[in-house]
Amino acid sequence: MANNLSGACAWYKFESGALLTDSTANANTLSNTGPVAEDTTNFAEGSCSAGYDTWDYLSRTNANLSSGFPLKDGETNKDLTVVGWFRPHTAGYGNIWPFFSTYVFAGYSGLIFLVNGNSSIDVALGYGTGAESHACAYTFTPDTWYHIGASWNDATKTATYRIWNGSTASTLSAEYTNGVTVGAGPFKIGESTRYLSGSDTYNFDGQIDEYAVFNTVLSIDDIDAIRGGTYTGEPDYEDMAAECAITFGATAVLDYYSAGDLAAECAITIGMSSSLGNSAPILIRDVADKHVATYLVAAGNNSFWYSTG
């Protein structure tokens with residue numbers, strides 16, 4: 001596949017001989033408990049996947065996560081998107097398949113992306129004094145590959161899911177009352193603490209392939225491009241225009257993942273909202289090169305210059 005996921009916080013291709021390897025420069029190498037096996041029979045991309053059996057999981061301690069990893073202790077960014085291929089074999093222990101977790105029951109911190117009972121997808125999050133979850137109905141068939149893009153937007157307190165079952169794509173979302181509390185929970189793929197009791201775990205059973213974690217909310221177009229193998233990490237200009245329809249005093253944050261692919265200076269035209277008022281700041285954040293610049297866009301001016309220098 002031609003995907004360029006180098007702008008992700010972690011990218012696991014789950015190929016033979018490199019099951020635990022992060023393909024980005026962040027080096028978020030995983031530890032293997034169980035162990036999770038190399039499955040060269042059932043895979044979605046390449047020639048291998050990560051094969052799970054009830055108690056298996058992959059993990060990395062919170063302290064060893066790279067800077068900028070979502071929900072790492074001490075970080076301020078709480079937005080994230082998890083994308084990957086999933087082939088659940090059974091309903092999992094506790095009838096739940098967790099596919100991302102930083103959750104800690106004691107202190108209610110972090111969150112879990114999970115499939116619940118073959119019939120819904122959910123994010124369970126800790127908000128400091130309790131836990132909150134809102135399931136979105138979706139029927140999952142065991143031993144079937146699904147491509148899932150699961151996002152959490154902490155500012156809007158919204159979970160969004162893009163699910164592909166091999167023929168049809170569905171988009172689901174749920175709004176929450178609380179935002180997530182950042183804690184020191186380990187990053188786990190395939191296991192999580194039970195969010196309402198903490199007395200046991202949920203465990204994935206099946207295969208996972210081509211898995212990546214981003215510290216931003218990817219668009220539906222981006223998730224579809226990753227599934228189709230055409231994601232380049234370059235900015236989506238239509239999405240940028242939507243992000244810039246903001247009210248006076250608000251800040252639009254635009255993330256770039258391959259600024260080197262942009263011209264040294266390029267004019268970006270954006271459709272501004274009539275509610276913009278006199279002016280509004282736009283923060284341009286280049287994730288790859290850590291270049292940050294703030295531009296004040298005057299009312300009626302629907303373009304600005306972005307320099308990678």
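Predicted model: local features only at pLDDT ≥ 70, side-chain atom pairs only at ≥ 80, totals over all residues.
1. A quick word on terms before the details: a residue is buried if its relative accessible area is under 20%, exposed if over 50%, and partly exposed in between (1.4 Å probe, protein chains only). Residues are numbered from 1 along each chain as its sequence is written, and side-chain values use heavy atoms, with hydrogens and water left out.

2. The overall picture: the protein has two helices and 23 strands. Both kinds of element are DSSP runs numbered from the N terminus (helices H or I, at least four residues; strands E, at least two). Of the 309 residues, 51% count as buried.

3. Have a look at strand S6 (residues 80-88). Nine of its nine residues are buried, so the strand is largely enclosed by the rest of the structure. Leu80, Val82, Gly84, Phe86 and Pro88 point one way, while Thr81, Val83, Trp85 and Arg87 point the other.

4. Which strands does S6 pair with? One is S12 (residues 146-153), antiparallel over seven bridges, and another is S18 (residues 206-214), also antiparallel over seven bridges. (Pairing takes at least two DSSP bridges between the strands.) Trp85 has a bridge partner in each: His147 in S12 and Asp209 in S18.

5. On to the aromatics. The whole structure holds 18 aromatic pairs, meaning rings of Phe, Tyr and Trp (its six-membered ring) with centres within 6.5 Å; planes under 30 degrees apart are stacked, over 60 edge-to-face and the rest tilted. Tyr12 and Tyr211 have ring centres 6.5 Å apart and planes at 40 degrees, so this pair is tilted. Tyr12 sits in S1 (residues 10-12) and Tyr211 in S18, so the pair ties together parts 199 residues apart in sequence. Tyr211 is buried, with a relative accessible area of 0%. The rings of Phe86 and Tyr211 have centres 6.2 Å apart and planes at 80 degrees, so that pair is edge-to-face. Ring pairs build a cluster whose members include Tyr12, Phe86, Phe113, Tyr161 and Tyr211.

6. Two charges are also worth a glance. Lys188 lies over the face of Tyr57, 4.8 Å from the ring centre, and the charged end of Arg227 sits over the ring of Trp164, 4.1 Å from its centre. The test is NZ of Lys or CZ of Arg within 6 Å of the ring centre and within 35 degrees of the ring normal.

7. Finally, the core. A nonpolar core here is a set of buried Ala, Val, Leu, Ile, Met, Phe, Trp, Tyr and Cys residues joined through side-chain atoms within 4.5 Å. Of the 45 residues in the largest one, Phe113, Tyr161 and Tyr211 touch the most other members. S12 gives this core its largest share, four residues. A second, separate core of 11 residues includes Leu5, Ala8, Leu218 and Ile226.
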